[in-house]
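Hi,

Here is the structure I promised to pass on.

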Amino acid sequence: MKLFQILRQRLGWKLFLSYLVIIVVGVVVLAGTVQFHAPAALARHIARMEALLGYDPALVADLHANFQEAVNEILVVATLAAFLAAVAVSTFTARRIVGPVRAMMKASQRIADGDYHERVRVPGQDELGALARAFNRMAETLERTEQRRSELIGDVAHELRTPLSSMKGVMEGLVDGVLTAEPATFVLVQREIARLQRLVHDLEELSRAEAGQIPFDLRTVAPADLVRAAADRLQPQFEDKGMSLHLDVPTDLPKVRADPSRMIQVLLNLLGNALQYTPSGGQVTVRAWREGREVAVAVQDTGIGIPAEHLLHIFERFYRVDRSRSRPGGGSGIGLTIAKHLVEAHGGRIWATSPGAGQGSTFTFTVPIAS
């Protein structure tokens, strides 16, 4: 019973047992073949010898006996040699296969204990090597996820700290009599509460987007209608800041399959970023064109631009090019992440380009054409 448990739990013993089974089957087949085929073969050889030497019953019996003994001796020696070969091959194979598997098992245990820096050695280019590379990629992904989780907790705490500190200061001022209980004071508190509500709403939206739980009301819509709806909402803000908003969206573009409210949300986010990071007197242009089986929409501004080292991270949550910006001045860093999830949920792509700091930037996304 104990031996059976060892065989079930040890891959090396299973490999050895498999080789042993193959040898036993081979020996049985060989012995059976000898038993069935040897008499006929021996009879033919004896018939030839009789033709040359004449018939001798004693000689025939002796030949039969010696031939059978020789065959049995060969089978025994071959079986022993095969057994030793099985031991050697299974030992080598076990070290070659079981060793990396055990290393991955120990590494996975350490990762489960919280050590996300753990990696395993890639043993080669075969399936075990592919498994080790996949394991290392999984470990890297888990490490990045854990890092982002920690950053998320820190970022959320930072985002909450500013409005809470402001409200606390106002309340302490009212209690100490430093501030008077007038409408302007309560408006300040109301503004901070609104900031908290926006942050909570953004976090809820981000959580649903990352979990793929946002419902979509997909329709066949014209890209020009989506761009115009978003531009009309923000046109007053552009005029108040003294900025120009140009639309270059042909009306004959093919229609796309999208949720109008979600696509307008993406456009509002991109236009809002362009409005926020472009100085007064600047210009924002929205262009759209067909690109294969997709319609591409680009929001180009003449604002502060994005350095090249930040372009790959611009869609990460809470990421800011200028870390010193406060929430009122730089946003929460969630909007672009939500926009990315919304676009990808529609089957499209989104990316950012910029010549560099102070040279403006362009955010482009695609939406599949309705079939």
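What share of the contacts in the protein with a separation of 6 or more comes from residues 24 or more positions apart? It is 70%, where contact means heavy atoms within 4.5 Å.

Some housekeeping before the rest. This is a predicted model, so local features need pLDDT of at least 70 and side-chain atom pairs count only at pLDDT 80 or more, while totals for chains, interfaces and linings use all residues. Residues are numbered from 1 along each chain as its sequence is written, and side-chain values use heavy atoms, with hydrogens and water left out.

Overall, the protein has nine helices and seven strands; these are DSSP runs numbered from the N terminus, helices being H or I with at least four residues and strands E with at least two. Of its 371 residues, 35% count as buried (under 20% relative accessible area; exposed is over 50% and partly exposed in between, with a 1.4 Å probe and protein chains only).

Axes here are lines fitted to C-alpha atoms, for helices over the stretch in contact, and angles run from 0 to 180 degrees between N-to-C directions. α6 passes α7 in a right-handed crossing (the near helix is turned clockwise from the far one by less than a right angle; anticlockwise is left-handed). Residues of α6 including Leu226, Leu234 and Phe238 meet a set in α7 that includes Met263, Leu267 and Leu271. By class, this contact has 14 nonpolar, two polar and one charged residues (Ala, Val, Leu, Ile, Met, Phe, Trp, Tyr, Cys and Pro are nonpolar, Asp, Glu, Lys and Arg charged, and the others, Gly among them, polar).

The other contact is with helix α9 (residues 335-345), at about 145° and with axes 10 Å apart. Here α7 passes α9 in a left-handed crossing. Arg262, Val266 and Leu270 are among the α7 residues involved, and Leu336, Ile338 and Leu342 among those of α9. This contact has eight nonpolar, four polar and one charged residues.

Phe315 is in the loop between β5 (294-301) and α8 (327-330), and Phe363 is in strand β7 (residues 361-368), 48 residues apart. Both are buried.

Finally, helix α5 (residues 183-210) has 28 residues that should span 40 Å, and its end C-alpha atoms are 40 Å apart, which agrees. Val189 is one of its buried residues. The C-alpha of Val189 is 9.8 Å from that of Gly169, 20 residues away in sequence. Gly169 is in helix α4 (residues 127-176) and, at 34% relative accessibility, is partly exposed. After α5 comes Gly212, with a positive phi near 65°.

Cheers

Note on methods:
The expected span of a helix is 1.5 Å times one less than its number of residues.
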